[in-house]
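Let's take a friendly walk through this structure. Have the sequence and the 3D view ready as you read.

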Amino acid sequence: MPKTPTKLLIETVEIAKFVTKLAPKKVLSDFGKSVSREASIFRLIVESETQLSDDDIILALGIDARRCQQSLWKLKAMLLEHVFEFDLKRANYSDYAQRLHALDLSNARVHILEWLGAAYSANAEANFWLKEATVLEQWDLALMLLSPLLNWATLSGDQTEYDRLCAEQRRFRLLDAALADAREATERTRIVFAKSGAEHPEVRPRIDLAIARLTPIAREHGTFSLQDALLRLRRMAQQVTMDYAEALAICDGTDTLLEEYPLFANRARRSRNALTRLMCYIQTGQTDLAEAAIARSLDLFDPEDQDWYGFQEWHFILLMHTEQFEEAHALVQNVMGRSRFASQTGTTRDRWHLFQIYAALFTARPVPGEKKPKEEKTGELLRHLMQQFPSFKGDYAGYGMAAVALEILIVLWRRGDEEYFFERIESLAKYKTRHLKRGHETQSNHFIAMMQLLETKNLDVEKIKKAAAPILKRMVAIKTIDKYQAQQVLRYEMLWAKTVELLPAYVAWLRGTGWKHEKKKAVRRKTVARRKTIARRKTRAKRS
């Protein structure tokens, strides 16, 4: 069996596809005429309809693994050398992308001229492209293009021109520093979200400070880049505090800004705004608007890039919220079957594995990785399944709670391992004690309170329904969203409805085994006592 392709080979395949799409025919013919090992690998990759494993290449070319790796490194370097020959217009890139690419290449040419001592030519070239850099608001490149202009003003003894260029240099530095500051604040916030699916109100003060620093500069200079960065920070500030209605208003402001600056209204910016808009519609329960946003915005995303996966995550959650479970299952199969799925971040893959199990459960399909009940206890099965989500460990405000709720549903569905069932109920109770504030009227508090009734009412279905009714009524009446509720695959009322649906059959199965609720309760007390004893021993061992 061939091994899974290494990251090196996967990246080389992607670069080869990129070169095939963008490079002129001359580049491809040069590779075709060559008899080198790298050219042979290139032809194998281009001509193959599927990703090749390292073993496939080694077998086809008759080379050892070490030489294969060396060839892949060399091939990657050769492919990247052709970046200057990419034809973006032929690949239907936007006018903005084409002009930005031309600016990058021209900046490289200017500095080559400067290094060769051609000060006059470098000055003439830089003078033209500095205007383009200003129009495209590429302040870092503008600063680099000022170097040959300042040099020529110095050589010419032109004091007036030198002073003007120095003033421009100070302005560009101010604008570039302001954008860099906003970019750092955005990236530091995104670092938190990269490991957690939840909103994080604790990062709001940092975002507010960045907004306060950027606002006066944006008002004074009014460039698109500064206004766009300011809107993005304001939108993030509303998202992290779950003020999705205000975040939607800022999305409208971003659309207006893109209409005012059509040059900058490329697909990347419009798709990012569409993704935020979709998320806000779903979180505020505006499912009709969310469905319209998906139909309107899907073409903005390049299949399999990072934003596309994020867009499809919210698409899946919308399908689950609107009880389109078969469509949700089909979407999971489509996304997880994509060629680039394996190269996504661990957190992204874990979320889709969680979605896969939810979709299987709600379409009455076997849970992925499931064995027959006689072959494996439910607790052992679930421990195996939960190992699929390593990034959820410690992510209490993210999808970790959704994973525990899923475990409980699977136990009810599988009708087995009652001890593990109550262990997961206890886990939710600990979750509530440690992470939810007492006395706060949040949906998360009420949902866990209802789940605890399964144990306190000894699995008596009628008593559970009666006790849960007023709690459920209070829960659905709460319109504010807490950070734990925001990252659930299904709404709490849907999870509770599924629990109540599966519970009678589970209780009937338990009674058929001859176990009484009182006996179960005694077993649970002994289990809890045993765990506390083990925890105390571990604490004493650490102290010693």
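## A tryptophan on the surface

W115 counts as exposed because its relative accessibility is 69%, where exposed means over 50%, buried under 20% and partly exposed in between (1.4 Å probe, protein chains only). You will find W115 in helix α6, residues 95-115. Together with I112 and L116, W115 forms a nonpolar surface patch with about 420 Å² of accessible area.

## About the model

This is a predicted model, in which local features need pLDDT of at least 70 and side-chain atom pairs count only at pLDDT 80 or more, while totals for chains, interfaces and linings use all residues. Residues are numbered from 1 along each chain as its sequence is written, and side-chain values use heavy atoms, leaving out hydrogens and water.

Now turn to α14, residues 287-297, where A290, A293, I294 and S297 are buried. These residues lie on the same side of α14 because they cover an arc of only 100° around the axis, an arc taken from the directions from the helix axis to the C-beta atoms. An α-helix has 3.6 residues a turn, so residues three or four places apart point the same way.

The buried residues of α14 pack against α13 (267-283) and α15 (306-321). On the face turned away from that buried side sit the exposed residues D288, A295 and R296.

## The whole chain

The chain has 24 helices and zero strands, which are DSSP runs numbered from the N terminus (helices H or I, at least four residues; strands E, at least two). Of its 544 residues, 47% count as buried.

Note on methods: Patch = residues over 30% accessible without salt bridge, like charges linked within 9 Å, V, L, I, M, F, W, Y side chains within 5 Å. Areas by Shrake-Rupley, 256 points an atom, 1.4 Å probe, with all protein chains shown as cover. Salt bridge = Lys/Arg side-chain N within 4 Å of Asp/Glu carboxyl O. Contact = heavy atoms within 4.5 Å.
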